Amino acid sequence: MNPKDPTADFLTLYSRSQIDLQRYLLMLLPNRTDAEDVMQETALVLWRKFEEYDPEQPFLPWAKKFVYFQVLSHRKKQQTRRKYFSEAALEKLAEEAMDLDAREHELLEAQRAALVQCREKLPAADKDTLAHRYGSEGGLQELAKATGRTVNALSLSLHRIRRKLLDCVDRYLAKEGWL
């Protein structure tokens with residue numbers, strides 16, 4: 001987090017979470033038009049409250065609390081015009097979605113850790129190929145020119161490297177009890 005530019009920090013965190021927030025919102029408020037309105041309101045509230053956010057904590061669960069309260073607020077405004085889930089049902093949906101997200105977040109972190117470990121086990125040439133391919137803006141054509149290999153050979157090599165990484169990550173996750 002950059003204390004000198006909270007706007008950039010907010011925009012980065014919000015843009016990374018926006019799809020998950022929208023998905024969560026649509027679970028709680030299935031009417032798409034209402035959900036779009038609530039999403040805009042939520043974005044404003046998140047920005048106003050951003051100084052209260054603890055950067056040591058995940059942004060998404062923090063932001064989802066605001067989505068939930070914005071949905072409750074919207075429901076109160078619209079209560080006479082539309083039928084919604086009961087408040088108890090809405091609360092249960094919100095809790096279950098948060099539990100799923102916590103588990104998904106844990107799995108994602110385990111996958112990232114496994115990928116880092118598996119990447120470190122690769123031979124230096126494979127690491128270099130990955131670094132050149134994914135660390136630069138160039139495509140396979142540029143990588144082929146830089147390495148003196150054909151595009152087909154590089155494509156096969158990258159496929160084999162990705163397969164090795166996937167198998168390694170799966171073994172790691174199985175050993176850790178995720179699979």
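Which residues does Gln70 touch, not counting residues up to four places away in sequence? In this predicted model, Gln70 touches Val38, Glu41, Thr42 and Val45 under that condition. Gln70 itself lies in helix 3, which spans residues 59–78. Its relative accessibility is 15%, below the 20% cut-off, so Gln70 counts as buried. One of the residues touched, Glu41, also makes a polar contact with Gln70. That contact joins the two side chains at 3.5 Å. Gln70 is thus a buried residue with a side-chain polar contact.

The setting for this residue is a helical chain. The chain contains seven helices and zero strands. Read from the N terminus, the order of elements is α-α-α-α-α-α-α. The chain has 179 residues, and 31% of them are buried. Contacts were also considered by sequence separation. Among contacts in the chain with a separation of 6 or more, 61% are between residues 24 or more positions apart.

Aromatic residues were examined next. The structure holds nine aromatic pairs. Phe50 and Tyr53 form one of them, and this pair is stacked. Their ring centres are 5.7 Å apart, with 15° between the planes. Planes under 30 degrees apart count as stacked, so the angle of 15° places the pair in that class. Both partners are buried by the 20% cut-off: Phe50 has 7% relative accessibility, and Tyr53 has 8%.

The pair of Tyr68 and Phe69 has another geometry. Here the ring centres lie 5.4 Å apart and the planes meet at 70°. An angle over 60 degrees counts as edge-to-face, so this pair is edge-to-face. Tyr68 counts as buried because its relative accessibility is 12%. Phe69 counts as exposed because its value is 52%, and the cut-off for exposed is over 50%.

Phe50 and Tyr53 also belong to an aromatic cluster.

Helix packing was examined for helix 6 and helix 7. Two packed helices are described by the angle between their axes and the distance between the axes. Helix 6 covers residues 140–147, and helix 7 covers residues 151–175. Their axes come within 9 Å and cross at roughly 105°. Angles of 65 to 115 degrees count as roughly perpendicular, so helix 6 is roughly perpendicular to helix 7. On the helix 6 side, the contact is made by Leu140, Gln141, Leu143, Ala144 and Thr147. Helix 7 contributes Val151, Leu154, Ser155 and Leu158. By residue type, the contact of helix 6 with helix 7 has six nonpolar residues, three polar residues and no charged residues.

Notes:
Residues numbered from 1 in each chain as written. Predicted model: local features only at pLDDT ≥ 70, side-chain atom pairs only at ≥ 80, totals over all residues. Heavy atoms only, no water. Phe/Tyr/Trp six-rings, centres within 6.5 Å; stacked < 30°, edge-to-face > 60°. Buried < 20%, exposed > 50% of the residue type's maximum accessible area, 1.4 Å probe, protein only. Helix = DSSP H or I, 4+ residues; strand = E, 2+ residues; numbered from the N terminus. Polar contact = N/O pair within 3.5 Å; in protein donor to acceptor, adjacent residues only side chain to side chain. Contact = heavy atoms within 4.5 Å. Axes fitted to C-alpha atoms, helices over the stretch in contact; angles between N-to-C directions. Parallel < 35°, antiparallel > 145°, perpendicular 65-115°, else oblique. Nonpolar A, V, L, I, M, F, W, Y, C, P; charged D, E, K, R; others polar.
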